[in-house]
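Let's take a walk through a protein model together, one part at a time. Have a look at the chain first, and then read on.

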Amino acid sequence: MQFSFRNDQPDVAVAILREVGQWLVDNDRQLWNVDALTLENLIDNFTRDKLYVMYANRDDGSEPEPAATFVLQWEDPLYWPDIPAHTSGFIHKLAIRRPFNGQNLFASIIEFCQNECRKQGIHSIQLETDAGRPKLMQFYERHGFQPTYQRDVQEFDVSFTCQFYILNF
């Protein structure tokens with residue numbers, strides 16, 4: 001399966017986030033407040049034009065299907081206030097639709113992000129996740145992300161402890 005990425009479809013990205021967020025709620029694995037996943041909450045000066053939709057391009061000639069979404073930004077004063085702008089890529093709100101689960105889309109997303117970082121002269125990607133999700137933390141570590149530290153954060157009126165990660169390349 002081939003993939004393409006677009007950063008000009010924020011409505012599609014939010015729909016994917018809400019779909020995946022609701023699936024997590026329905027399966028007692030809530031990660032985000034689904035009602036807070038809106039363009040108004042997700043798009044600001046740091047994320048404008050950085051909210052990507054990953055499309056799965058089928059070999060049968062059918063239209064590409066939205067498969068995943070994520071934010072790749074170059075500055076993040078909320079989660080990484082001590083990291084200077086344009087020295088690392090920061091991934092947020094990564095969501096893969098259930099029909100694409102188990103198809104290793106994450107590896108293709110990371111490859112895309114690494115290529116975008118290299119274009120900027122950047123050689124690291126950072127992300128964070130809820131420290132109360134050991135399986136998700138193990139998943140990131142299996143893909144080469146190294147844990148750095150934990151700290152409490154608040155997002156969309158929800159407080160939780162985040163595990164921070166970095167991937168150098």
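Predicted model: local features only at pLDDT ≥ 70, side-chain atom pairs only at ≥ 80, totals over all residues.

Helices (H or I, at least four residues) and strands (E, at least two) are DSSP runs, numbered from the N terminus. Residues are numbered from 1 along each chain as its sequence is written, and side-chain values use heavy atoms, with hydrogens and water left out.

At 29% relative accessibility, Thr 161 counts as partly exposed. Contact means heavy atoms within 4.5 Å; leaving aside neighbours within four places in sequence, Thr 161 is in contact with Thr 129, Asp 130, Ala 131, Gln 150, Arg 151 and Asp 152. Ala 68 is 93 residues away from Thr 161 along the chain, and their C-alpha atoms are separated by 25 Å.

Now move to helix 3, which covers residues 105-119. Its 15 residues reach 21 Å from the first C-alpha to the last, close to the 21 Å expected at 1.5 Å a residue (the expected span is 1.5 Å times one less than the number of residues). Several residues of helix 3 are buried, among them Leu 105, Phe 106, Ile 109, Ile 110 and Cys 113. Just after this helix, Gly 121 takes a positive phi of about 75 degrees.

What do such buried residues do together? In soluble globular proteins, nonpolar side chains tend to be buried together. A nonpolar core is a set of buried Ala, Val, Leu, Ile, Met, Phe, Trp, Tyr and Cys residues joined through side-chain atoms within 4.5 Å. The largest one here has 26 residues, of which Phe 70, Leu 72, Ile 91, Ile 109, Cys 113 and Phe 145 touch the most other members. Helix 3 supplies the largest share of this core, seven residues. Beyond its neighbours within four places in sequence, Ile 91 is in contact with residues including Phe 70, Leu 72, Ile 110 and Cys 113. Apart from this core lies another, of 14 residues, among them Trp 32, Leu 37, Val 53 and Val 71.

Charged side chains come next. A salt bridge is a side-chain nitrogen of Lys or Arg within 4 Å of a carboxyl oxygen of Asp or Glu, and by this rule the count comes to six. One of them joins Arg 6 and Asp 8 (3.0 Å, N to O); Arg 6 is partly exposed, at 37% relative accessible area, and Asp 8 is partly exposed too, at 49%. Glu 65 meets Arg 58 at 2.8 Å, N to O, and Arg 97 meets Glu 65 at 3.2 Å. Arg 97 lies in the loop between strand 4 (89-96) and helix 3 and Glu 65 in strand 3 (residues 65-73), so this pair ties together parts that are 32 residues apart in sequence. Arg 97 is buried, with a relative accessible area of 14%. Glu 19, Arg 58, Glu 65 and Arg 97 are linked in a network of salt bridges.

Conventions: Buried < 20%, exposed > 50% of the residue type's maximum accessible area, 1.4 Å probe, protein only.
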